Structure formats: C-alpha cells, structure tokens
Amino acid sequence: MHEPILRVRGVSKFFGGLTALDNVDFEVVPGEVVALLGDNGAGKSTLIKCISGVYRPEQGDIYFQQQQIAGRSPSEVRNLGIETIYQDLALAENLDVGANVFLGKEKIKYLFGFLPVTDDEYMRREAVTVLDKLDIHIPSLKQKLVNLSGGQRQAVAIARAMYWNAQLVIMDEPTAALGVPEQRKVLALIKSLREQNIPVILISHTMQDVMAVADRIVIMRRGRVAADMPRSEATEEIIVRHIVGSAEVGE
C-alpha cells in the first residue's frame, strides 16, 4: 500500500456553538478515488474547505506530501498541488477555453518589445495538449465557455487542474447538473486521473456515480466519520444505513 499523500488527523472546526467537524481522521493514497458521502450538514464541505485552505481548523493537523497545510491560504494549497473543482466551477464564461485554463495565471507576450498583451495562441495550444491527454475534444477552443455544454465546462475545469500539475483533485458534485452522456464523460475523466496516479476526492449524492468509480467510501454524519470502507464491501443499502445512522443501532 502506498503512503498517504493526504493525512487529516484529529481535525475539528466550530462555527459559534456549532461543531461542524469533530475530531476527523481521513486519508488518501496516490491513484485512489475516495467518495466522501453524507447528508447535508454532515461535514463534507467543511472538511474539503479545511483541506483546500478556505477554512482554518481549530484543532488537528492536515499533511499533504508530508507538509503541514492546516491554516494555509487557498492559493498556497493550490500551488502545492491540491485542485478543488466546486459545483459552480469558478470559470469565466465570457472567455475562451485557453484563457480559462490559464485563469489567474495568464501568459503574457510583449508587442513591439514593450506592450503587454495576453498570448491567446500559446494558451490555446497548451490547452489542446492537456485536453488531448484527457481525451477531451472541444470543436473550437476560440468559443467562449458560455457556448459549451455542462460536460465540456467540467472538462475544462479538470484540464485546468491537470495543466497546473494537480497532485490531488477534489470534485464537489461534478455530475449534478449534467445529462447522462455527460455524466459518463466526467466519470471517464475521473478514471483517467486515477490511471495517471492522481487521487480524487469525490463528493456526490449520486449513488451510481460513487459505485462506478470509487475505490473507497467514507461516510460522514454530524461532523464525524461514521464509516470508511472499500468499495468491494459497500452496497447502496449499507451506505444509506450509515448516512442516516441506522447502521449503529442495528436497525
């Protein structure tokens, strides 16, 4: 078994009198797809935000590639190689594919040696390279994102993560707003990341997606880890029982 690339140890997070995370342990090894499940308010999003630098935990440690990252800023965490793809994707719909892959890190060239402009051709060429690697085909990279389908936008967000050398990808409900063919494409992308030894943390309410791609399933309830099991031991019935809490009382 590989050494974990991510280790969360004893992490707690409070909002006023509310305990959002209560002494959570969680880890991910390279090339593993871990599904993070639970009802709304179970603590999934809070855990992800502690890992990605949005929240600072009150207690506990988070190690990524042996480095302590608890309390680091989101940009520092990204620079270390953790990419989080949220449901809203955080893409610029008025820009093309290349500009979105380089969003916030635009490539600049100088006209006449002194006039800075964005190097759109370079960014599109680089975008094509990473899209090809993921087996994603978008007819014209000059199209603005607003003209692309939901699945294509999701692919652009994943391509951006890959281009900037993601070592761990966190995906929050990646198939929620997609039709069936596009859902399949996103699941194929998750498998493609795994084949490249890049682990994925997948938050999803769609049980079919989880069963199709997860290697391990971690279920949270009321801010704690209620279950952690390999996919081979999980059935939809067992997962639901853990999510609602009936597994512990033997119902």
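Student: Which residue in β4 does V8 stand opposite?

Tutor: Before the answer, please keep in mind that this is a predicted model. V8 stands opposite I62 in β4, and that contact belongs to the antiparallel pairing of strand β1 (residues 6-15) with strand β4 (residues 59-64), which extends over five bridges.

Student: What is the strand order of the open sheet of four strands?

Tutor: The order is β2-β1-β4-β5, and the pairing is antiparallel. At the edges are β2 (18-28) and β5 (67-68), each of which pairs on one side only. Helix α1 (residues 44-52) packs on this sheet, where it touches β1, β2 and β4, and its direction makes about 65° with that of β2.

Student: Which strand does β6 run parallel to, and how many bridges join them?

Tutor: β6 is joined to β9 by four bridges, and the two run parallel; within that pairing, T84 stands opposite I170 in β9.

Student: How should I read the two faces of a strand, and which residues of β10 are buried on each side?

Tutor: The general idea is that in a regular strand the side chains alternate between the two faces of the sheet. In strand β10 (residues 200-203), V200 and L202 lie on one side, I201 and I203 lie on the other, and all of these are buried, so that both faces are covered. As for its neighbours, strand β3 (residues 33-37) pairs with β10 in the parallel sense over four bridges, with V34 opposite I201. Strand β9 (residues 168-172) also pairs with β10 in the parallel sense, over four bridges, and there D172 has I203 as its bridge partner.

Student: What kind of unit do β9, helix α6 and β10 make?

Tutor: Together with helix α6 (residues 180-195), β9 and β10 make a right-handed β-α-β unit.

Student: Let us turn to the rings. How many aromatic pairs does the structure hold?

Tutor: There are six aromatic pairs. A pair of aromatic rings is described by the distance of the centres and the angle of the planes. For F15 and Y55 these are 5.2 Å and 70°, an edge-to-face pair. F15 lies in strand β1 and Y55 in the loop between α1 and β4, 40 residues apart, so the pair links distant parts of the chain. F15 counts as partly exposed because its relative accessibility is 35%, and Y55 is likewise partly exposed, at 26%.

Student: Why is the pair of F102 and Y122 edge-to-face?

Tutor: Their planes stand at 65°, with the centres 6.0 Å apart, so the pair is edge-to-face; the cut-off for that class is over 60 degrees. F102 is buried, at 3% relative accessible area, whereas Y122, at 23%, counts as partly exposed. Ring pairs link F102, Y122, Y163 and W164 into a cluster.

Student: Which charged residue sits over the ring of W164?

Tutor: The charged end of K105 does, 4.4 Å from the centre of that ring, while K107 lies over the face of Y122, at 4.9 Å from the ring centre.

Definitions and conventions. Residues numbered from 1 in each chain as written. Predicted model: local features only at pLDDT ≥ 70, side-chain atom pairs only at ≥ 80, totals over all residues. Heavy atoms only, no water. Pairing = 2+ DSSP bridges. Contact = heavy atoms within 4.5 Å. Axes fitted to C-alpha atoms, helices over the stretch in contact; angles between N-to-C directions. Buried < 20%, exposed > 50% of the residue type's maximum accessible area, 1.4 Å probe, protein only. Right-handed = clockwise from strand over helix to strand, strands pointing away. Phe/Tyr/Trp six-rings, centres within 6.5 Å; stacked < 30°, edge-to-face > 60°. Lys NZ or Arg CZ within 6 Å of the ring centre and 35° of its normal.
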